[in-house]
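Let's walk through this fold together, one region at a time. Keep the sequence and the 3D view side by side as you read.

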Amino acid sequence: MNPRIKSKLFIAIGAIFLLAGASSSSHAFVLELGGGAANRSNGLYLHNRDGREIELVEVDARQDDLPILSDLGQPSVSDDGSVLFGGMVFEARMPRWIMFRAEAGDSIGRVARISVPSSHGAFPEPVVNVDPRPEVDAAGGVIFVARDSSNSEAIFRIAEGELSRLVAIGDKIPDGRRLKHIEFGSVTSWAPGACAFIGFLEGDKQAELIFSGDGLRAMAIEGEAAAGGGVFKKNFGLPAAVSPLPRAEGTLAAFTARTTAGEGLFVYDSKLEQVPLSGMSCGKAGLNFYSTGRPGLDANGRIALLAQCGTTPVLVSADVYRRREVLVSTNPDAQAGPVLASVADPVVLNSGAILFGGSNADRREAVYELTSGKTLEDLTMPRAEALPAADTLESTKHTVCAVTMSANRNGDFAYLGSALPGN
């Protein structure tokens, strides 16, 4: 068992500018840190909030009663610390994806298959032949996206042993336009049977969409007027969504978008608004590129975002109430402290800290926590040793693929990595 490494460092971080806002009470942007899109990972690792790290599964390895997996999908970490993920197997030389859950608590790391119940003819059965990106909603239901037996995309939910279909191609938004396509990897959930995602409507118009008890509706549509000015363009960012405080019901969503007036960060809470990020002291160019990855968002309306200032990656934070202040402005030429070469999309924790993947000056990838006390903590070891989840696995030293990091708001996180040579 590894203790959490806490290299409490004074923030003198080249390539990061942080703007943080006061509060009233989520492969995009970087497919692989340092460039490229290759998946070089052969293992899935869980790091819980107590600092314990374990290896959950390996590619091409026999482990417990699990099938031998040929590939691993993007993990998702639920509020209780369990991890959901997809694994690919070959059957009759054809790829098929299976969903799994790695348990938290006393059974931490034990991996079990998530069975998909039959629809009993109510709708076409799901055919899981790409990464379904499963995640847990607030009531413990499993949300995932897949094509169905009619080769049409749909968003499904498994709860209490039953399968339901939340959204399907052909569903209408209130103005009568039909859904024509669901973007795989864009779906996220925050409440029982609710989800937000990117899709395309009739007329080949990309849209930010949300489904809940009120049905399917659009938050933003390509070619239509944007809050704050301009017209929405194609290439919306992945949405983040929560139930906002102090009320338990409702939806607060955040996403980035391109408009004819420039880059924008938008929030949706019964209506769409733009969060202004102009006027920040980060160079003459200002913020000129917003990540299309999922922003960090919490129930208090705090938002953390990966962006660029000129050609320099930066982390910024604001809140939906437009209160913000500069906490840290670093010098890229600073000689003291670490210099981060790359940063990935952040997660906002309940503690007020920001969790994100990144790489240092030596291009070693890690997961970092930027605390409210203005310290940067490296939560992963340079040559991390992980306890095996299954008795048949041996402890291994591994790398960190930082852009695959997924976390819950309590600080549990999972990521993909690769065993180092000789392990």
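Two strands are said to pair if DSSP finds at least two bridges between them. The strands themselves are DSSP runs of E with at least two residues, while helices are runs of H or I with at least four residues, and both are numbered from the N terminus. What you are looking at is a predicted model, in which local features need pLDDT of at least 70 and side-chain atom pairs count only at pLDDT 80 or more, whereas totals for chains, interfaces and linings use all residues. Residues are numbered from 1 along each chain as its sequence is written, and side-chain values use heavy atoms, with hydrogens and water left out.

Four strands form an open sheet in the order β15-β16-β17-β18, and their pairing is antiparallel. At its edges are β15 (179-182) and β18 (215-221), each of which pairs on one side only. From one strand to the next, the twist averages 45°; the strand axes behind such an angle are lines fitted to C-alpha atoms (for helices, over the stretch in contact), and angles run from 0 to 180 degrees between N-to-C directions.

Next, move along to strand β20 (residues 252-259), where you will find T259. Is T259 buried or exposed? Its relative accessibility is 8%, so T259 counts as buried; the cut-offs are under 20% relative accessible area for buried, over 50% for exposed and partly exposed in between, using a 1.4 Å probe and protein chains only. Around T259 are A226, G229, V231, F232, K233 and F266, which it touches, leaving aside residues up to four places away in sequence. Contact here means heavy atoms within 4.5 Å. The side chain of T259 also reaches the backbone nitrogen of A261 at 3.0 Å, and a polar atom of that side chain lies 2.9 Å from the backbone oxygen of G262.

Finally, turn to the loop between β7 (83-91) and β8 (94-102), which holds A92. The phi of A92 is near 55°, a positive value in a residue other than glycine. R93 is found in the loop between β7 and β8 too, and has a positive phi of about 65° although it is not a glycine. A92 is exposed, with a relative accessible area of 76%, and R93, at 79% relative accessibility, counts as exposed.

Technical notes
Polar contact = N/O pair within 3.5 Å; in protein donor to acceptor, adjacent residues only side chain to side chain.
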